[in-house]
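Dear colleague,

Here is the structure I said I would pass on. My notes follow it.

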Amino acid sequence: MSGTRIPGETRGAAITVIVDGAPVPAFAGETLATAMIAADRTAFRHDTRRVARGLFCNMGSCSECLVTRVADGRRIRACLTEAADGLEVRTDG
Amino acid sequence: MKRVDVAIVGGGLVGCATAWRLSTAGASVELIEAADINAGASGQNAGSLHFQIERRFLENGDALAEQASSIVALSRIAVEDWRGLETALNADLHVSMAGGLMVAETADHVALLERKATREQREGLKVRTIDGDAARAIAPYLSASVLAANHSADEGHADPRTVTPALAAAARAAGATIRTHSAVHAIGRRAGGGFTIAGNGFSLHADQVLIAAGAWTAALCTLANLHMPLYPVALLMNATERTAPMVPHLVQHVGRRLSLKQTHAGNLLIGGGWPSRLAQLPGGGFDLSRRATMIPDSLSGNLRAAIDVVPAISRLNLIRSWTGVTAISADQLPIVGQVPRMPGLWIAAGGSAFTLGPTFARLVASAMAGGPSEALDIVSPARFEHLNGFMG
């Protein structure tokens, strides 16, 4: 799965989140999951066999989009987390 | 008409394990399951191997606690059954028996722990009461609020999602027939002995019948014109996300509803007997065909208890909560054995049947073949024979 932003929509301010050390463009008001998918970063976490897993329900139920917030090591649902400038996450969990 | 030595109604842990034991011993067995193997409480429970006396037996006064303590005799046998199960099945069931701690957070509860340990030691179970610091030395993840714990070196957990399917596979390999999506509609006694079991598209003769259908057991017993005092109860289970190994033990609470453990994969499973709400039938009665609904206060209360005892859980995400239905008997003890007024009809239901299930199955299979059954006397349906004075 990959994502493309619909052209011509009014968006918030351009910001940057950091995923696995790389800058990923986002707009204020988007979720972290939106920014990741728009950048073709669809692997959010891994199962016990280290196979990549990705966003499924996009509404906070399935927990497939858990990523690790670098600031405190906590696991957060990317689909429920608003993108914030400088927010840094990892997908190696 | 097809004839078998034993028909088993219910494809849960006890039914599949009994089918395995009987088939291995050379009996012809047909197991009949209304839904899928492991679809009920056997697969919904949180997989505790609890050998200490359960908290639910302690909260209704000393008399009931004393009666329930007799279950410890079976728990002692179950320790050995679980130790041998993976080898016997040649399957990885994620059995972990790294010990269990039942904790207390108040002086009253510490006294309850001490009385409980006295009962358990009297019954020959290896349990000792240790203070909070000693508990934290064994289990550094425990909160400072833990004042004492009863430690049992044998307790632990296993994976409910793999145990019963492995038993069903072993039963099939030993020659048992397993029929799923087949509800039983009739259980009749045959003149001259034995039973006829029938449902949609099948009927068979069986010399003996075992009803091991969890919360559905009472309704199935009515097909044999018997009362069985088993009542459905709906419970709540929860799972956190996976995390690094931190809780090797089974953790329970003597004064609050809590059981928790960490699975092989790393998730923490949190339960302990918090109620869910059974679906009801319009004319009265409970509708076991519909899933029970979660009670929000149960969810928050269960997680609060877990975090109070293991504070690190507060950093974890809850990823799943689910409801499951089991059954309790009129006196809280399981009902396992032959119905005296109906020779050849056997029952195994009434809770505690993940921990005790392999033992129930082995003992029932042996007794069905004419072996000794004294170990099952304390859970025999004979104690409810007075309810069937006008039945049978």
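A word on terms before the notes: helices (H or I, at least four residues) and strands (E, at least two) are DSSP runs, numbered from the N terminus. Two strands pair if DSSP finds at least two bridges between them. Residues are numbered from 1 along each chain as its sequence is written, and chains are lettered from A and ligands numbered from 1 in the order in which they are written. The model is predicted: local features need pLDDT of at least 70, side-chain atom pairs count only at pLDDT 80 or more, and totals for chains, interfaces and linings use all residues.

Chain A

E5(A) and E6(A) form a hairpin with 5 residues between them. In its turn, Gly73(A) has a positive phi of about 75°. The pairing of E5(A), residues 66-69, with E6(A) is antiparallel over 3 bridges, and Leu66(A) faces Arg77(A) of E6(A). E5(A) also pairs with E7(A), residues 88-90, again in the antiparallel sense, over 2 bridges. There Arg69(A) has Val89(A) as its bridge partner.

These strands belong to an open sheet of 5 strands in chain A, with mixed pairing and the order E2-E1-E7-E5-E6. The edges are E2 (22-27) and E6 (75-77) of chain A; each has a single partner strand, so one side of each is left without a neighbour in the sheet. From one strand to the next the twist averages 45° (angles run from 0 to 180 degrees between N-to-C directions; axes are lines fitted to C-alpha atoms, for helices over the stretch in contact).

Contact between the chains

How many residues of chain A are in contact with chain B? There are 5, and they meet 5 residues of chain B (contact means that the C-beta atoms, placed from the backbone, lie within 7 Å). On the chain A side these are 1 nonpolar, 2 polar and 2 charged residues. Here Ala, Val, Leu, Ile, Met, Phe, Trp, Tyr, Cys and Pro count as nonpolar, Asp, Glu, Lys and Arg as charged, and the others, Gly among them, as polar.

Chain B

UniProt, in an unreviewed entry, lists residues 5-366 of chain B as "domain: FAD dependent oxidoreductase". UniProt positions are given in the numbering used here, feature names are shortened, and annotations may be inferred rather than shown by experiment. Over residues 5-366 chain B is 30% helix and 27% strand, and the end C-alpha atoms are 13 Å apart.

Chain B has an open sheet of 8 strands with mixed pairing, in the order E5-E6-E4-E13-E14-E15-E12-E16. E5 (127-131) and E16 (318-329) of chain B are its edge strands, and each has a single partner strand, so one side of each lacks a neighbour in the sheet. Neighbouring strands are turned by 20° against each other on average, direction ignored. Arg242(B) stands opposite Asn267(B) of E15(B).

H5(B), residues 107-122, touches E4 (100-104), E5 and E6 (148-152) of chain B, and its direction makes about 155° with that of E5(B). H9(B), residues 296-309, touches E4, E12, E13 (250-253), E14 (259-262), E15 and E16 of chain B, at about 55° to the direction of E12(B).

Helix pairs in chain B

The axes of H1(B), residues 13-24, and H10(B), residues 357-368, come within 8 Å and cross at roughly 45°.

From H4(B) the contact takes in Leu74(B), Ile77(B), Ala78(B), Asp81(B), Trp82(B) and Leu85(B), and from H10(B) Pro358(B), Thr359(B) and Arg362(B).

H1(B) has a further partner in H7(B), residues 160-173: their axes come within 8 Å and cross at roughly 30°. H1(B) and H7(B) are therefore roughly parallel to each other. By class, their contact has 10 nonpolar, 2 polar and no charged residues.

Regards

Key
Contact = placed C-beta atoms within 7 Å. Parallel < 35°, antiparallel > 145°, perpendicular 65-115°, else oblique.
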